[in-house]
Every structure is written in structure tokens, then in C-alpha cells.
Amino acid sequence: MYAWHCDTELEIFSGWGPRRSKTTYEAKFKEFLENPPADLAVFAVERAGELTGRIELSEIDYENRRACMGLFLGDKRRWGAGVGSAAVVIMLDYAFSVLNLSRIFARTYAFNDRARRLMKSVGFVEEGVLRSHEMHNGTLRDMCVYGMLATEFRERHPTLFSVPE
Ligand SMILES: CC(C)(COP(=O)(O)OP(=O)(O)OC[C@H]1O[C@@H](n2cnc3c(N)ncnc32)[C@H](O)[C@@H]1OP(=O)(O)O)[C@@H](O)C(=O)NCCC(=O)NCCS
């Protein structure tokens, strides 16, 4: 995971954060495990028994029944093989069926074609573009906002979390 944290290509697509030393990274991770924020749910993405990436719901808001979704596959050998789409569908199912949320939204850089195609193929609606929204390596970049409602998800995808009759 620390190698992913230091990977410039991943930063380009996922966003820029402070680059940390391994010691600081491990200390932050330990702190996160011991005191996880109440509005954050993080899951590992596994493929063939190997840690492949990370997917999360942040800004979980039970009053307004919404959350923001983010993901990356640190193992680039897995890119373009459907792993990201599968992880997103399972995450959405969890958000709508287990957490009983009604809206999931996501933001991607406008230049991130792969992530935008993923959003579209899973059934997210592109709700708009936040123009010059985020500083990205010295340049302000547009960000696309995607949203999916529980009703839209259920029209397209079966749930893994159904209770037997
Ligand atoms: C974005 C990411 C999560 C997508 O996961 P993935 O497993 O690679 O995506 P999938 O294989 O499920 O494919 C999703 C779509 O992208 C398409 N795709 C694959 N390679 C592509 C490429 N080089 N350019 C554009 N689209 C591409 C796939 O064909 C698919 O579209 P389709 O269903 O219309 O065919 C992953 O590539 C990743 O972690 N990238 C770096 C970090 C990142 O961008 N995170 C997202 C931040 S919002």
C-alpha cells in the first residue's frame, strides 16, 4: 500500500495529497484503524486472493442518506479487466441495501477517461462539471460529478444482500 501511495500515475488520476514517509504513513494508518471516522467506510479490493486496490464511501450522511464513493486499483496489471466495475457495483449494493442510503455520488477529473467510462457503464448519471475545481500539479482542472440513486441501481443490478423469504 505504501508503494501505491508513492505512485505518481495513481496520484495523477486519483488526486494529489501530501507525500508521506513510510513511518508517517504507517503511523497515520494505525491511527485510522484505531479511530476510524464515523462517516467513512473503507474496503480492500481483492482479486484472486491478492490485494488489488481500495474502495470507500466518505462523507456518509445518514440524515440525507447519501455518501461519496472513491476508488483506485493500485495493482495496475488489473486495470481494464472489469475489477473496478465489479467493486463499484458491490460497493453500491452495500450502500443502498445495507446502509440504506438513497444517493451515491462521485467526482472524477474530466481527463480520467477510464474512470468516466466505468461510471457510465455501471449506470451513474453525469450530473455536471465543476469547472476549474481542483488544483492538479499546478493547473486547475475540471471535475465531473456523477450520481446514482437507489431506485436507478435496483433497475439495473440484483442485490447480493437479499434476505431469504
Ligand atoms: C479507474 C479504475 C478504478 C477503473 O477500474 P478498472 O478495473 O480499470 O475498470 P474496468 O476494467 O472495470 O473498466 C471500466 C471501463 O473503462 C474502460 N477502459 C479500460 N481501459 C481504458 C482506457 N485505457 N481508456 C479509457 N477507458 C478504458 C473499460 O472498457 C470499461 O468501459 P466499458 O465498460 O465501456 O468497456 C482503475 O483503472 C484505477 O484505479 N485507475 C487509477 C485511479 C483512478 O483513476 N481512480 C478513480 C478516481 S475517480
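What follows is a chat about helices and strands in this predicted model.

Me: What makes α3 open rather than tucked away?
Reply: A residue counts as buried if 20 or more other C-beta atoms lie within 10 Å of its own. Of the 13 residues of α3, the number that pass is zero, so α3 lies largely in the open.

Me: And how do you know what span is expected for α3?
Reply: You take 1.5 Å times one less than the number of residues. Helix α3 covers residues 22-34, and its 13 residues give an expected 18 Å. From first C-alpha to last, α3 reaches 18 Å, close to that expectation.

Me: Why are β1 and β2 called a pair?
Reply: Strands pair if there are at least two bridges between them. Strand β1 (residues 41-47) and strand β2 (residues 50-61) have seven, in the antiparallel sense, so they qualify under that cut-off. Among the bridges, A41 partners L57, and V45 partners G53.

Me: What about β2 and β3?
Reply: Again there are seven bridges in the antiparallel sense, with β3 at residues 66-73.

Me: What makes β1 and β5 edge strands?
Reply: The sheet is open and has six strands in the order β1-β2-β3-β4-β6-β5, with mixed pairing. Each of β1 and β5 (125-136) pairs on one side only, and that makes them the edges. On average, neighbouring strands are turned by 25 degrees against each other, direction ignored.

Me: How do you know that α5 has a buried side?
Reply: In helix α5 (residues 113-122), A115, L118, M119 and V122 are buried. They span an arc of only 95 degrees around the axis, which puts them on the same side of α5. The face turned away from that side carries D113, K120 and S121, which are exposed.

Me: What do the buried residues of α5 pack against?
Reply: Their partners are α2 (8-14), α4 (83-98), β4 (103-109) and β6 (139-149). The helix α5 lies across β4 and β6, at about 155 degrees to β4.

Me: Which strands does α4 lie across?
Reply: α4 lies across β1, β2, β3, β4 and β6, running at about 155 degrees to β3.

Conventions
Residues numbered from 1 in each chain as written. Predicted model: local features only at pLDDT ≥ 70, side-chain atom pairs only at ≥ 80, totals over all residues. Helix = DSSP H or I, 4+ residues; strand = E, 2+ residues; numbered from the N terminus. Buried ≥ 20, exposed ≤ 12 C-beta atoms within 10 Å, placed from the backbone. Arc of directions from axis to C-beta. Contact = placed C-beta atoms within 7 Å. Axes fitted to C-alpha atoms, helices over the stretch in contact; angles between N-to-C directions.
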